[in-house]
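Subject: Structure handover

Hello,

Here is the structure for you to look through. My notes follow below.

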Amino acid sequence: MALPGLDALRALPRRLVLTLPATGPSVRVARENAEQALREWGIAPRHRVADPALLILAELVANSVRHAAELSPSVTVVLGASPATLALGVHDRHPEQPVLSPERTGPGGGLATVLELTRDLGGTASVLSDTEDDGKTVWIDLPL
């Protein structure tokens, strides 16, 4: 599997990659691992980006579990940081490419919430295609 965003992740001095089953408990596992990594990397829980980043990550994993599990038995979570940037992404092997739109669609807003939080923090969001397995990574860059 050629994970979209992996080159960008390799450029960051701190990184975490987790492959988890596409099941509900993976949302909690991803969030807990990310929270621990942020602490270890010196990004305090009170940092303005910490809570929104964890919410974004949890929402992306939940979306993959909810919408891609049938075709993607696992999801890959990537997290990386430099002194200036926090990057995160969630990869699954479902071929559908989500539209990152500020329009709220469905309960809780889903990707609209991700996009709103990302923009509020001055970050960027993109969907990166994986040509090897028809999957994709939703990739978020947040300035620290």
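β2 and β3 run antiparallel and are joined by 6 bridges. Helices (H or I, at least four residues) and strands (E, at least two) are DSSP runs, numbered from the N terminus. Two strands pair if DSSP finds at least two bridges between them.

Before the rest, some ground rules. This is a predicted model: local features need pLDDT of at least 70, side-chain atom pairs count only at pLDDT 80 or more, and totals for chains, interfaces and linings use all residues. Residues are numbered from 1 along each chain as its sequence is written, and side-chain values use heavy atoms, with hydrogens and water left out.

**The sheet**

A hairpin of 3 residues links β2 to β3. Glycine 80 has alanine 87 of β3 as its bridge partner. Alanine 81 is bridged to leucine 86, also in β3. β3 also pairs with β5, antiparallel, over 8 bridges. There, glycine 89 stands opposite tryptophan 139 of β5.

The whole sheet is open and has 5 strands, in the order β1-β2-β3-β5-β4, with antiparallel pairing. β1 and β4 are the edge strands, each pairing on one side only. From one strand to the next, the twist averages 15°. α3 packs on the sheet and touches β2, β3 and β5. Its direction makes about 10° with that of β3. Contact here means heavy atoms within 4.5 Å. Axes are lines fitted to C-alpha atoms, for helices over the stretch in contact, and angles run from 0 to 180 degrees between N-to-C directions.

How much of β3 is covered? Most of β3: 7 of its 8 residues are buried. Buried means under 20% relative accessible area, with a 1.4 Å probe and protein chains only.

**The core**

The largest nonpolar core has 34 residues. Such a core is a set of buried Ala, Val, Leu, Ile, Met, Phe, Trp, Tyr and Cys residues joined through side-chain atoms within 4.5 Å. Leu60, Val61 and Leu86 touch the most other members. α3 gives the most to this core, with 9 residues. Leaving aside residues up to four places away in sequence, valine 61 touches Ser26, Val27, Ala30, Val75, Val77 and Val90.

**The two helices**

α3 and α4 pack at an angle of about 155°, with axes 10 Å apart. The pair therefore counts as roughly antiparallel, a label for angles over 145 degrees, while under 35 is roughly parallel, 65 to 115 roughly perpendicular and the rest oblique. α4 also lies across β4 and β5, at about 30° to β5.

α4 is mostly covered, with 7 of its 10 residues buried. Among them are Leu111, Val114 and Leu117. The cover includes α3 (50–68), β4 and β5 (136–143).

**After α4**

Glycine 122 follows α4 and has a positive phi, near 80°. Glycine 123 lies in the loop between α4 (111–120) and β4 (124–129). Why does glycine 123 count as buried? Because its relative accessibility is 16%. Glycine 123 touches Thr118, Asp141, Leu142 and Pro143, again not counting residues up to four places away in sequence. Glycine 123 and leucine 86 are 37 residues apart in sequence, and 9.3 Å apart in space, C-alpha to C-alpha.

Best regards

Methods
Buried < 20%, exposed > 50% of the residue type's maximum accessible area, 1.4 Å probe, protein only.
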